[in-house]
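This briefing goes through one protein model by topic. Please keep the sequence and the 3D view open while reading.

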Amino acid sequence: MQRDPIDVLIVGAGPTGLTLAVQLALLGVRIRIIDRSADRVHESRALALQPRSLEVLAGLGVTDGLVAAGNRAVQVKLHLRDRVLSVPLFDLGLEDTEYPYLLFLSQAETERLLEERLAGLGITVERQVELTDLTQDAGSVTAVLRHAGTGPAADETVRAAYAVGCDGARSAVRRIAGIPFKGSTYPQTFLLADAEADGLERGAAHAFASAKGILLFFPLGSPATWRLLAIKRTTAARPPGAPEATLDEVQAAVDDYTGGTVRLHDAAWITEFRIHLRAAARYRSGRLFLAGDAAHVHSPAGAQGMNTGIQDAVNLGWKLAQALAGTGGPNLLDTYQAERQPVGKAVLRLSNRPFRIATSLNPLVRFARSRVSPVVAPLAAKATWGRARLFRTISELGIGYRRSALSVNGPGPRVNWRQVRWGRVKSRHSGLRAGDRLPDTPVVYEGETTTLHRVLAGPAWHLLHWRLPDGGAAHYLVRPDGYIGYCYMGDNDEGAAGLAEYLNRWVG
Ligand SMILES: Cc1cc2nc3c(=O)[nH]c(=O)nc-3n(C[C@H](O)[C@H](O)[C@H](O)COP(=O)(O)OP(=O)(O)OC[C@H]3O[C@@H](n4cnc5c(N)ncnc54)[C@H](O)[C@@H]3O)c2cc1C
């Protein structure tokens, strides 16, 4: 354990806190990561990793393990009234990534692999340690930590330069910082089960749409083959203390949608829950930061929740490291909220719309779901441009920070990535700009065939000079989180001077 004073106190060891801890440890920052629970979660919870999460975690040395443990689904079977439609999943718009698929893996496994990576870097999560109070002054934060089984008299006081609340939807850091968490709760109650199921084709996700709503099966793999999600037939809440839903109850819901064609058995986890849609008014208060569910919670539609938290962490970690090293200037830390809060808001909107359509009891929407969707779905499945755009958004590869103060375009025309990619791929990028994610591409490096992202792996700034086929050059300064900070075209003094100015201001 790091002795007081430390650089960063991370409160919460869910996927967000663990990702932040790995990045900070790789950057040599002195951290402590605490969690009030005795063990990491063993329920599946978030069940899928998006391509962009796999990319950023690859830079931290975690993704190979995740991919080996996970399950790739390539299509969704849409069960309509009179037929089953196969809709390819993530088959378009993802040409510039090594991970063009949704990786199904339970959150428990994701956390296990992150924690193992952290342990490999010499950091242990301090469990059964709860943050109970936090104060800050101009130079540091002071946290009060309660160790399980002890009273206030034994509380530990720890000083750190910064504290990050990765402590989930009921964040203590957010509450203590007085940051509002406005939003609402959806009226429906949901049933979730990880179980075995007979009557479902393996290797695909399944959706059963009806006037009542949508029943979904995802190929989870572990701790059970399937994850099921459905709306409960009654909105009446289970009385406090009542046992969780039974397998019979879940089976009855499944029968409603499938007409009895799917039989459940051997459930590993059954739960029911309500869903909230809330966003923190600020992501920063002085030396305190919020990331992950502490900053935004929303519906699971689109599998964005955990993934957005992981990327909050990756955006924040290197900025904290630079602030601690005294490089990057006083405004660098402000760019965390400026860049990530719009993403959080967009995710709330993105997950809300399809969710409302899937769950609405409005007669018009019910009619559309049961009668119009069988006609529209096959046409939508053929709309390649629309699908590519959708996958680009859901995969989180489309996230960028063009409006950020950290994104500066130097002179020269924008680079068309197609030129750079030797025409191998039908890329839809019209031109790369500062703030965009650096696309991935196969490269030969030191005689080995590899990928650009693998060459640039690790949280550090990289300067990439790319000689284009026509003899011109493109220059990209790539941030430690894989986004372009500064770029210019051609071998010109103005571009080089702009680069020097950028480095001086933001990199130090
Ligand atoms: C039933 C269910 C199903 C879900 N399904 C999906 C899904 O399909 N897809 C998806 O993307 N997301 C899903 N989610 C959401 C997903 O689990 C969260 O988005 C994700 O866990 C957020 O990670 P986090 O690290 O930000 O917060 P959390 O995972 O909530 O971690 C916060 C940690 O902080 C600790 N903590 C809290 N307060 C303190 C304190 N005062 N002191 C010390 N430690 C503290 C907690 O013990 C916890 O370990 C689901 C969630 C649930 C509950």
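The buried residues of helix α2 are Pro-51, Arg-52, Ser-53, Leu-54, Glu-55, Val-56 and Leu-57. That is seven of the eight residues in α2, so the helix is mostly covered by the definition of buried as under 20% relative accessible area. The model is predicted.

**Helix α2 and its partner**

- Helix α2 spans residues 51-58, and helix α7 spans residues 305-325.
- Their axes come within 9 Å and cross at roughly 35°.
- The crossing of α2 past α7 is left-handed.
- On the α2 side, the contact is made by Arg-52, Ser-53, Val-56 and Leu-57.
- On the α7 side, Asn-307, Ile-310, Gln-311 and Val-314 make the contact.
- Sorted by class, this contact has four nonpolar, three polar and one charged residues.

**Whole protein**

- The protein has 13 helices and 25 strands.
- It has 508 residues, and 54% of them are buried.
- Take the contacts with a separation of 6 or more: residues 24 or more positions apart account for 69% of them.

**Ligand surroundings**

- The ligand is surrounded by 29 residues.
- The closest are Thr-16, Asp-35, Gln-107, Leu-131 and Asp-293.
- Met-306 has a polar backbone atom 3.2 Å from an oxygen atom of the ligand.

**Leu-145 in strand β10**

- Leu-145 is found in strand β10, residues 141-147.
- Why does Leu-145 count as buried? Its relative accessibility is 0%, and the cut-off for buried is under 20%.
- Its contacts beyond four places in sequence include Leu-9, Arg-32 and Ile-34.
- The list also holds Val-129, Glu-130 and Leu-131, as well as Asp-155, Glu-156 and Val-158.
- Leu-131 is also one of the closest residues to the ligand.
- Ile-34 is 111 residues from Leu-145 along the chain, yet their C-alpha atoms are separated by 8.9 Å.

- Gln-251 is found in helix α6, residues 247-258.
- Gln-251 counts as buried because its relative accessibility is 6%.
- The side chain of Gln-251 reaches the backbone oxygen of Val-262 at 2.9 Å.
- Not counting residues up to four places away in sequence, Gln-251 touches Val-262, Arg-263 and Leu-264.
- Asp-436 sits in the loop between α11 (417-420) and β21 (442-445).
- Is Asp-436 buried or exposed? Its relative accessibility is 11%, so Asp-436 counts as buried.
- The side chain of Asp-436 reaches the backbone nitrogen of Arg-433 at 2.9 Å.
- Beyond its neighbours within four places in sequence, Asp-436 is in contact with Arg-402, Gly-431, Gly-482, Tyr-483 and Ile-484.

**Backbone points to check by eye**

- Which peptide bond is cis, with omega near 5°? The bond from Ser-222 to Pro-223.
- Pro-223 belongs to the loop between β14 (213-219) and β15 (226-231).
- Gln-128 is not a glycine, but its phi is positive, at about 55°.
- Gln-128 lies in the loop between β8 (126-127) and β9 (129-136).
- With a relative accessible area of 39%, Gln-128 is partly exposed.
- Glu-396, also a residue other than glycine, has a positive phi near 70°.
- Glu-396 is placed in the loop between α10 (384-394) and β20 (408-409).
- Glu-396 has 1% relative accessibility and therefore counts as buried.

Conventions
Residues are numbered from 1 along each chain as its sequence is written. This is a predicted model: local features need pLDDT of at least 70, side-chain atom pairs count only at pLDDT 80 or more; totals for chains, interfaces and linings use all residues. Side-chain values use heavy atoms; hydrogens and water are left out. Axes are lines fitted to C-alpha atoms, for helices over the stretch in contact, and angles run from 0 to 180 degrees between N-to-C directions. Helices (H or I, at least four residues) and strands (E, at least two) are DSSP runs, numbered from the N terminus. A crossing is left-handed if the near helix is turned anticlockwise from the far one by less than a right angle, and right-handed if clockwise. Contact means heavy atoms within 4.5 Å. Ala, Val, Leu, Ile, Met, Phe, Trp, Tyr, Cys and Pro count as nonpolar, Asp, Glu, Lys and Arg as charged, and the others, Gly among them, as polar. Buried means under 20% relative accessible area, exposed over 50%, partly exposed in between (1.4 Å probe, protein chains only). A residue is near a molecule or strand if one of its heavy atoms lies within 4 Å of it. A polar contact is a pair of N or O atoms within 3.5 Å; within protein, one must be able to donate a hydrogen and the other to accept it, and residues adjacent in sequence count only if both atoms are side-chain atoms.
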